[in-house]
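Please look at the sequence and the model shown here before reading on. The report then goes from the whole chain to single residues.

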Amino acid sequence: RNKEIFINKAEAYCKKYGIPYEYFNTTGEDDVKKLAATVESVKPDKVVSIGGDGTTLMTALALQNSDVPFGIIPMGSANGMAKELSVPNDTMQAFQDLIASQMIIPIDVIKVNDDYTMHLGDVGINAAMVENFEKEEGRGWAAYAKHFVSAVNNATLFDVTVEIDNKIYEHKVYSVLIANTRMYGTGAIVNPMGNPHDGIFEIVLLTRRDWTGVINLGLTAFDKTVVETFKDYTKNYTAKSARIKFDKPRMLQLDGEVIGECESIEAVIIPGGAKFITTSDNHFIDQLRDK
């Protein structure tokens, strides 16, 4: 999305209230390292990530060794992480929330081999969809839906071995999800137990493929029927670390970015890997208070 209109409004807001600011523009080359160095030099009170899930992840990684918190302005293709954390769609409202809020909470990051995810990663149906979606000249929900349907139609069962705490589980699956949160960018719940602040992650194995269940899992909004559907379509595991092995090298995507083919995955949670600026609208806040 074109960010110029928002940038102009945010700049005017900062000037009106005497808030000093600086920009960091991503280039796709060493952004994590360059942003970390910029934060070290500038020493800001807060960092604002303007973009989608990939920009959110990059920002969190750059701030891993810093006490500086960050928040999200949702301006990506799907904004799954922002939706999960109840960030307003209205970009100026989201910005004003970040400026005003003193509510800072830890947010988890998952290391997956040599890469990372904060949201959702997978091997299988969604990874195939993301791979084809990246090649699409036109973006948006129509293209997303087209490639999702194609990925479902072409999905085949494959063997997977999951090792957690020295226990081994073997399954035939259509997809393997490494989930830190509950939902895709569509708002569809794929992991009802997900909570990006709880110090654990879930492995969700999609073991059936027919239209009723898969459409619910991939394209529709969350309701009680979808949760009940999960019991018949998936097998779930909770872990702090896990090793996942496939029958052959398979495509992996993390937070909407195609990583490449891998034959096995080592996944490890980094509890509170970054500090997140939020508000009481975040439905996970009550769970944190209960702890």
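This is a predicted model: local features need pLDDT of at least 70, side-chain atom pairs count only at pLDDT 80 or more; totals for chains, interfaces and linings use all residues.

Residues are numbered from 1 along each chain as its sequence is written, and side-chain values use heavy atoms, with hydrogens and water left out.

**The chain**

The chain has 10 helices and 12 strands. These are DSSP runs numbered from the N terminus, with helices (H or I) of at least four residues and strands (E) of at least two. Of the 291 residues, 47% are buried. Buried means under 20% relative accessible area, exposed means over 50%, and partly exposed lies in between (1.4 Å probe, protein chains only). The accessible surface is about 14,300 Å², and carbon and sulfur atoms account for 48% of it. Such areas come from the Shrake-Rupley method with a 1.4 Å probe; for residues, only the protein chains shown count as cover. A contact means heavy atoms within 4.5 Å. Of the contacts between residues at least 6 apart in sequence, 70% join residues at least 24 apart.

Why is helix 3 described as largely enclosed by the rest of the structure? The reason is that 8 of its 10 residues are buried. They are D53, T56, L57, M58, T59, A60, L61 and A62. S66 lies in the loop between helix 3 (53–62) and strand 2 (70–74). A polar atom of the S66 side chain is 2.9 Å from the backbone nitrogen of V68. Leaving aside neighbours within four places in sequence, S66 is in contact with V39 and K275.

| Residue | Exposure | Relative accessible area |
|---|---|---|
| D30 | exposed | 55% |
| K43 | exposed | 60% |

V268 belongs to strand 12. Not counting residues up to four places away in sequence, V268 touches V109, I110, K111, F201, K240 and S241. F201 and V268 are 67 residues apart in sequence, yet their C-alpha atoms are 8.6 Å apart in space.

D30 is in the loop between helix 1 (4–17) and helix 2 (31–42), and K43 is in the loop between helix 2 and strand 1 (47–51). Most residues other than glycine have a negative phi. D30, not a glycine, has a positive phi of about 55°. K43, also not a glycine, has a positive phi of about 55°.

**A cavity**

Rolling a probe the size of a water molecule over the atoms shows where empty space is left. A cavity is a set of points on a 1 Å grid over the protein atoms alone where a 1.4 Å probe fits but cannot get out, and its lining residues have an atom within 4 Å of a point. Grid points are joined across faces, edges and corners, and a volume is the space filled by probe spheres set on the points.

How many cavities of 30 Å³ or more does a search of the whole structure find? The search finds 2. The second largest cavity has a volume of about 100 Å³. It is lined by 13 residues, and those closest to its centre are V87, L98, I277, T278 and T279. Helix 5 (91–100) and strand 12 (257–278) are the elements that give two or more residues to this lining.

Technical notes
A polar contact is a pair of N or O atoms within 3.5 Å; within protein, one must be able to donate a hydrogen and the other to accept it, and residues adjacent in sequence count only if both atoms are side-chain atoms. On a 1 Å grid over the protein atoms alone, a cavity is a set of points where a 1.4 Å probe fits but cannot get out, and a pocket is an open set with protein on both sides within 12 Å along at least five of seven lines; lining residues have an atom within 4 Å of a point.
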